[in-house]
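Okay, thanks for coming, everyone.

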Amino acid sequence: HHVCRRQRQMCIRDRTGREKESGCVFCNRLACDDREHYVLHRGTHWYIILNLYPYNGGHMLLVLNRHQPNLGACTPEELAEMGSLLSLMENALREAFQPDGFNCGYNGGTSAGAGIPEHLHVHLLPRWSGDTNFMSTVGETRVMPLTLDQAFEKLAPVVERLAGSPG
């Protein structure tokens, strides 16, 4: 299987003011400082990371460890681990945040809404009754009650415990 090499970051800023990276952002996370980049867990075929542009606090991504875009090209082992890790993610979100529900899915291709269509990733995010936010419709602005650091600090110990990982 082809795994992308970590590439150097360039100092180009995106519209949010964050530095834009060269190469695939998900491949770049295959070897990185987990805490600095909000990686919560690394499995055999996937890793769990917080979404840098979350819809809600606790919005997590399950990212395939190899650069390919399609769910249909996953191996049986990758699919099995995907199911186990999505279950772990849901349980961690339930314990850490007590949401009323969840959204889970992936956007296959740009026309389906994928921001990074070339690298398979699955979204899982907590939802609460009444959490829809008119600000994102009106002004492309989201009001987040939780920072990424706060979400990481709350989720990391729960994910580690549920995964059976050492701290």
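I'll start with the ground rules, then go from the overall fold to a few individual residues and a cavity.

So, this is a predicted model: local features need pLDDT of at least 70, side-chain atom pairs count only at pLDDT 80 or more, and totals for chains, interfaces and linings use all residues. Numbering runs from 1 along each chain as its sequence is written, and side-chain values use heavy atoms, with hydrogens and water left out.

Fold first. The protein has four helices and seven strands; those are DSSP runs numbered from the N terminus, H or I of at least four residues for helices and E of at least two for strands. Along the sequence, the pattern goes β-β-α-β-β-β-α-β-β-α-α. There are 167 residues, and 38% of them count as buried. For us, buried is under 20% relative accessible area, exposed is over 50%, and partly exposed is in between, using a 1.4 Å probe and protein chains only. Now take the contacts, meaning heavy atoms within 4.5 Å, with a separation of 6 or more: residues 24 or more positions apart account for 60% of those.

Next, aromatics. Rings of Phe, Tyr and Trp (its six-membered ring) pair if their centres lie within 6.5 Å, with planes under 30 degrees apart called stacked, over 60 edge-to-face, and the rest tilted. That rule gives one aromatic pair. It's Tyr 38 with Phe 152: the centres are 6.1 Å apart and the planes sit at 70°, so we call it edge-to-face. The two partners are 114 residues apart, with Tyr 38 in the loop between helix H1 (25-28) and strand E3 (39-42) and Phe 152 in helix H4 (residues 148-163).

Is Tyr 38 buried or exposed? Buried, because its relative accessibility is 12%, and Phe 152 is buried too. The backbone deserves a look as well. Most residues other than glycine have a negative phi. Tyr 38, though, has a positive one, near 65°. Gln 98 also has a positive phi, about 50°, and is not a glycine either. That one is in the loop between helix H2 (76-97) and strand E6 (101-105), and at 52% relative accessibility Gln 98 counts as exposed.

Back to helix H4, where we also find Glu 153. Glu 153 is partly exposed, at 47% relative accessible area.

Last stop, the cavity. On a 1 Å grid over the protein atoms alone, a cavity is a set of points where a 1.4 Å probe fits but cannot get out, and lining residues have an atom within 4 Å of a point. How many cavities of 30 Å³ or more does the search find? One. The largest cavity holds about 50 Å³, with volume taken as the space filled by probe spheres set on the points. Its lining includes Pro 69, Tyr 106, His 119, His 121 and His 123.

That's the tour, so over to you.

Definitions and conventions:
On a 1 Å grid over the protein atoms alone, a cavity is a set of points where a 1.4 Å probe fits but cannot get out, and a pocket is an open set with protein on both sides within 12 Å along at least five of seven lines; lining residues have an atom within 4 Å of a point.
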